[in-house]
Amino acid sequence: MMLAARPADQIVRWRLLLSLLPLTAWQTGRGQLLYSVAEEAKHGTFVGRIAQDLGLELAELVPRLFRVASKGRGDLLEVNLQNGILFVNSRIDREELCGRSAECSVHLEVIVDRPLQVFHVEVEVRDINDNPPVFAATQRTLFISETRALDSRFSLEGASDADVGANALLTYRLSSSEYFYLQVPTGEEQEKPLELVLRKSLDREVSSQLLLVLKATDGGKPELTGTVEVVIAVLDVNDNAPVFDKAVYRVRLLENARKGTLVIRPNASDLDEGSNSHIFYSFASDVSPKIEATFHIDSASGEIKVNGKIDYEERELWKIQVEAADKGNPPMFGHCTILIEVVDVNDNAPELVVTSLSLPVREDAPLGTVIALISVADLDSSVNGQVTCSLLPEVPFKLVSTFKNYYSLVLDSALDRESISEYELVVTARDGGSPSLSATASVSVEVADVNDNAPVFAQPEYTVFVKENNPPGSHIFTVSARDADAQENARVSYSLVERRVGERALSSYVSVHAESGRVYALQPLDHEELELLQFQVSARDAGVPALGSNVTLQVFVLDENDNAPTLLGAPAGGAVSELVSRSVGAGHVVAKVRAVDADSGYNAWLSYELQPAEGGARSPFRVGLYTGEISTTRSLDETDAPRQSLLVLVKDHGESPLMATATVLVSLVDSGHVPQVSSRASVGAAGREAALIDVNVYLIIAICAVSSLLVLTLLLYTALRCSGPPTNGACAPGKPTLVGSSAVGSWSYSQQRRQKACSGEGPPKNDLMAFSPVVPPGSGSGDSGVQEEIFENVSTIILRHISWL
């Protein structure tokens, strides 16, 4: 006999419509692709052209690190990177993957880099009819009294089909029987069990046992079937079976309920008397072992209590068949169904998974750069499974929700590796339960260096003092610059800023080691040639593009006593002859030895002394210690030798004094034999004296004018230097070369033309200042010599000032 199956609802009709679609289909919506594939598809089965549907070129799949990640089993589906096709990689069992859920999908994350993009793909797994209907037992025995009234109903547990939709839509057929027919619940009564209805009275004497076959057929193509044998044992007279208050009991039970928690107490009654009305309760004989392990029923009271673990995430609804049997002989049975709905509690903390970290992050990365992808999940339902994510405050990152339960960690503000080189982020996921549960995940974000810092010297200028005559290649200074960047961007190399010093290149004087910054003098330096060497050293890092800065070095060459005094006006033979009258008194200046020293300072400070005569004889002459003037110590007499040879030693004041010698030959003559100046010469001398007076007046006027011009020039020069930027090509005027003679000392600088101090190009300048000796008052030709010396010295001053201007 064929009985009509329960009508399908709207969802079933929709599933039937989907089953008529082609093997695969896709659509876009809300940034997501949807494909469909049948379960149990063979390896390599085409699912969809995922690269084309995502708008990606095949040539860029490998360079952009195209990859597919799925939650749970990640080997079900794979993408061929050569043609961009999504295909089945391993066996897909819908029942194993989703159980009896009406919807079953595999969620994929498609990730590509450069730039980082994330696509969400859902592959719906369509059910095929690969599971036949299965009854809980292969045989079911019913004990029925022969006195049972017509239309009496006996519950039968229906079959179950692991498939869904039309494939799980079952129809039942009972083998032909004159005593029974099958009643299938319809509509709102679908939760009731199948019922075997008695339509003809039983007669144990005619037949004590009946054998029926119940066949279940699903709605798949092709159809699959399952059978169970129903054995009817006809019993004798116990004509009232126990009856429950309700055919279906409904109860709600919190998950994680403790063992021994009362679930429900069903109640049954029996109209018989005596032992035939005594009832004991039990689970139906065909209930699953899982039910028997999870619940316990008291045979006397019928109380059903928790005996095992109740987990909403494992099972949301329990359906239990309960029997009530009396103690008659034979016993009679009543049946009811207990529907236990498990209520979810917030017992599962969220789960955080951080994937696709794009590390390290460049410190110049633009705002909005995706750093990582974060997925969250919570096994609970409703508000207990609603998860929100948050990030610790005061970090330059934020979380952006990209899809349901998916977040992107993106850059929210600018990074600076020199301030913070690494961030330890804590992502917190919290559900909406009460009390809420949370989970955290740590994300370490390393900031990659960018060459945004130039090398920096400790100060913009250094002053170095070096003694002249240094060995070639000697180390004179070390420059050091610090770069706040890292690795190659912080590796500093040094070089000279090339220019010319006078007629020569800077690199002929000094060099700098590229790595250590050590500055070397390539040749001996000469204080008399170069007092100040000013140049720049450049420091550049190895970044791309390279950054650099300069530092100025002022190298002062210190004088060494390497030049002996030089005599001025000495004849080729080295001796000077002088005629002196025997009538001169003590203190008469006979001659003056003049000498200069090319060194400076103490090394150029000269002193004079007279070499003692042979035999220890006392000489009537002496020489001024610092003036070089040779004068008489006493009046000359007849006993003094007519010819005196005076050897004058000229020494400097260096640590290792150097000297020069001058020989003065003095001839003593009587006063009457001293050559007289003729009257014409006297007249000429008088004329020269008058001319000299006029010249002195003019010289005084000229000195005043030149001094005024000098002051104005200095003021103008100072104003220009203060108002304009400094230039590296100007040679600073050197200190005037001083040749001084006085009663207390003699200071001398070289008369040679030399470059005193230069930081650029330009002719060297040399100044000479000469002072006359202090001459004691006296008469004779010495006055004319003094006047002539004054004239010479004043002229020298004027000429040197003009050359300096």
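Two strands count as paired if DSSP finds at least two bridges between them, and a strand here is a DSSP run of E with at least two residues, numbered from the N terminus. Keep those terms in mind for the views below. The model is predicted, so local features need pLDDT of at least 70 and side-chain atom pairs count only at pLDDT 80 or more, while totals for chains, interfaces and linings use all residues. Residues are numbered from 1 along each chain as its sequence is written, and side-chain values use heavy atoms, with hydrogens and water left out.

**View 1. Three strands make an open sheet.** The 3 strands run in the order β10-β13-β12, with antiparallel pairing. At the edges stand β10 (153–156) and β12 (180–183), each with a single partner strand, so one side of each has no neighbour in the sheet. From one strand to the next, the twist averages 30° (axes are lines fitted to C-alpha atoms, and angles run from 0 to 180 degrees between N-to-C directions).

**View 2. Here β12 meets β13.** As a reminder, strands of a sheet pair through backbone hydrogen bonds, either parallel or antiparallel. Which sense do β12 and β13 use? They pair in the antiparallel sense, over 4 bridges, with β13 covering residues 194–198. Look for Q183, which stands opposite E195 in β13.

**View 3. A salt bridge joins R140 and E323.** A salt bridge is a side-chain nitrogen of Lys or Arg within 4 Å of a carboxyl oxygen of Asp or Glu, and the structure holds 22 of them. In this one, the closest N and O atoms of R140 and E323 are 3.6 Å apart. R140 belongs to strand β9 (residues 139–145) and E323 to strand β23 (residues 317–326), so the pair ties together parts that are 183 residues apart in sequence. Are these two residues buried or exposed? R140 is buried, at 9% relative accessibility, and E323 is buried too, at 11%. (Buried means under 20% relative accessible area, exposed over 50%, and partly exposed in between, using a 1.4 Å probe and protein chains only.)

**View 4. R634 and D637 form a salt bridge.** The closest N and O atoms of this pair are 3.8 Å apart. R634 is partly exposed, with a relative accessible area of 30%, and D637 is partly exposed at 32%.

**View 5. R491 pairs with E488.** Their side chains meet in a salt bridge of 2.8 Å, N to O. E488 counts as partly exposed, at 44% relative accessibility.

**View 6. Salt bridges can link up.** E40, R91 and D93 are joined in a network of salt bridges.
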